[in-house]
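Reader: Here's the one I'd like to go through with you. Let's start with the sheets, then do helices and the interface.

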Amino acid sequence: MKKTMYEKIWDSHLVVDEAGQAPLIYVDRHLMHEVTSPQAFEGLKLSGRKVRNPHSILATMDHCVPTKNRDLPIADPIAKKQIETMADNCRENGLNLYDMKNPNNGVIHVVVPEHGFVHPGMVVVCGDSHTATHGAFGALAFGIGTSEVEHVMATQTLPQKKSKTMQVVVNGSLSKYASAKDIALAITGKIGTAGGTGYVIEYTGSAIRELSMEGRMTLCNMAIEAGARAGLVAPDEKTYEYLKGREFAPAGDYWDQALAYWKSLTSDEGAEFDTTVVLEGADIAPQVSWGTSPEQVVGVDGVVPSPDSFADEGKRKACEGALAYMGLTANTKITDIPVDLVFIGSCTNGRIEDFRIAAEVAKGTKVAPGVTALAVPGSYHVKKQAEDEGLDKIFIEAGWEWRDPGCSMCLAMNGDELTKGQRSASTSNRNFEGRQGKGGRTHLVSPAMAAAAAAAGHFVDIRNL
Amino acid sequence: MEPYLKHDSIAALMDRNNVDTDQIIPKQFLKKVERSGFGIHLFHDWRYNDDGSDNAEFELNKPAFKGAKILVAGDNFGCGSSREHAPWAIADYGFNTIISTSYADIFYNNCFKNGILAIRVSQEQLDKVMAEISADEGVRFTVDLENQQVITPAGNGFNFEIDPFRKGNLLSGLDDIGLTLKHVDKITAYEVTHKQNFPWLWA
């Protein structure tokens, strides 16, 4: 039988498949951060259970960590306790932790690929919905809850329901200045935030093949924003090139053995997907979200929609609510929307390529009066690489703040946040009400779009720069 | 986990689609290292005014919905972040049942790990049930998991589908990990083969 990549990975990880209970699948890699793990460790301890395979785990601290003045004690006592608890739990269980002071520290989904910890064909989990990121390597990677974190620690398996398969084809090539982020937003706009519910998406087509590994990570990262369990991109030469030589990548004879296996993973020619969605790469304009859900997006050359333009009652009401929260009027041109704060970073767009393209746009500009602009690298390695390339100087000279790594304004747990009514251009992944601070208004964009908005003080169609 | 028993309870109405887990439990409450005490923060940003007083406009603050164990909500409930703090907050507030047309995958799984029955209904059924609550706020529904049935006074009740494994666990209050560990020999055997097939993963 012809199989999709998802089905191949699923079949090779099935440990128990018996009538009357959910199939048990094996977990190869378990990623951790400080927010969704403490209650799992507590549960493990209370039940007298142990971590089954400590080598399958890589942990970091990212959600609550300050992105400046790292040498000072953490001011928030509850965040401080969470950070300390993470360190204690990892020490007691013999787990590899990149703590705040570690040169490998950063956002979990940026750090993990940097060290080659995830390979094609693996099953990867983390108590974090953006685990989907690692699908860029052809790994089945998905977010889980804290009870499941405990389950995986204790058993190295998870009861799972098999997902349906969705193929998202992006034909042709992207236009200049459209990016992986724009593909992700355009897909979410097209199928909606529940469009992928119950599915694993495989992204195919020439525009996907043309994406760098960083771009593929951005794309898969946001599979969850379309409701999908996971996103997948078949591995190819770019994947192998990226992995080769990294700390946890196979070496020596193992490399050839692994490579042969990885090459067998791609979906068979003619394998059937439960559903297929097609986009034309050339049609994807740089996207800007206008509402409070990642499906509420439009091309930068568009306008804020009117509630009346939605036939569906639910979407019409959602539009009304979003416009009220966002302080926007229907039919306003996107390029007329001003911004107060610009954030480049997060597990979606905190990688070196993101800072390179943003720096290209920011070079020689000045942050507009009244605008605050934050560049927050996804890891210390990204930070160092950017500094080696002189990108930090470009940002600083343009009036940006150049910070230490962390999740920062993506979810505003660490003190970096919007105040009520403030409006951001953000390269993160969610524009939910209050996500970046209570009453804060988030517009999701690509790094290039964010950098252009910082200089202009409003959104700009970067294709015209 | 407490076994899920047949009960009748007030059904509260939240007529909104795409309620995300950031709204269910905003991020400022995710720093705790315990599982308990999240109920008072449930829907914090909608539920409380800036001065900390109750927002009278927020649906769950209606006196008629006090003590509700059943939450009836719009499509795609629980989307976004994987935070299990969301079902912890929902359960701690007192809900043990949610009725909606669909749920985000991770949230749906998380509910069943915390004794919350998440029921999927058709849009037509949901519309009827919502209309019944709107017309009679404070109305009580009966939820009978054993027979996979919801009964309402105005006759808008329905049967629902649920995975037998999830149903069994809810009814018995069984711990998932204990169930999985019954298969520990199979896990060990899988690992032996896995090491032979993929030695680089274990190097």
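Author: Quick ground rule for sheets: two strands pair if DSSP finds at least two bridges between them. Helices (H or I, at least four residues) and strands (E, at least two) are DSSP runs, numbered from the N terminus. This is a predicted model, where local features need pLDDT of at least 70 and side-chain atom pairs count only at pLDDT 80 or more, while totals for chains, interfaces and linings use all residues. Residues are numbered from 1 along each chain as its sequence is written, and chains are lettered from A and ligands numbered from 1 in the order in which they are written.

Reader: Fine. How many bridges join β3 to β6 in chain A, and which way do the strands run?

Author: Three bridges, and β3(A) (29-32) and β6(A) (123-126) run parallel. In that pair, A:H30 has A:V125 of β6(A) as its bridge partner.

Reader: What's the strand order of the sheet they sit in?

Author: β5-β4-β3-β6-β7 of chain A, an open sheet of five strands with parallel pairing. β5(A) (96-98) and β7(A) (140-143) are at the edges with a single partner strand each, so one side of each has no neighbour in the sheet. From one strand to the next, the twist averages 20 degrees.

Reader: There's a five-stranded open sheet with β15 in chain A too. What's its order?

Author: That sheet goes β17-β16-β15-β18-β19 in chain A, again with parallel pairing. Its edges are β17(A) (401-402) and β19(A) (441-444); each has a single partner strand, so one side of each is left without a neighbour in the sheet. Strands β15(A) (341-344) and β16(A) (372-375) pair over four bridges, in the parallel sense, and A:L341 stands opposite A:T372 there.

Reader: Which strands does α16 lie across?

Author: β15, β16 and β18 (423-426) of chain A; helix α16(A) (447-456) runs at about 150 degrees to β15(A). Angles here run from 0 to 180 degrees between N-to-C directions, with axes as lines fitted to C-alpha atoms, for helices over the stretch in contact.

Reader: On to helix packing. At what angle do α2 and α5 of chain A cross?

Author: Roughly 50 degrees, and their axes come within 8 Å. That makes α2(A) oblique to α5(A) (under 35 degrees counts as roughly parallel, over 145 as roughly antiparallel, 65 to 115 as roughly perpendicular and the rest as oblique).

Reader: Which residues of those two meet?

Author: A:Q39, A:A40, A:G43 and A:L44 from α2(A) meet A:T146, A:V149, A:E150, A:M153 and A:A154 from α5(A). A contact means C-beta atoms, placed from the backbone, within 7 Å.

Reader: And α6 with α8 in chain A, how far apart are the axes?

Author: 8 Å, with α6(A) (180-191) and α8(A) (213-221) packing at about 20 degrees. They are therefore roughly parallel to each other. Among the residues that meet are A:I183 and A:A184 in α6(A) with A:T218 and A:L219 in α8(A).

Reader: Switching to the interface: how many residues of chains A and B touch?

Author: 56 residues of chain A contact 45 of chain B. On the chain A side, α5(A) gives the largest share, seven residues. By class, that side has 22 nonpolar, 24 polar and ten charged residues (Ala, Val, Leu, Ile, Met, Phe, Trp, Tyr, Cys and Pro count as nonpolar, Asp, Glu, Lys and Arg as charged, the others, Gly among them, as polar).

Reader: What are the ipTM and pTM scores?

Author: The model scores ipTM 0.93 and pTM 0.95.
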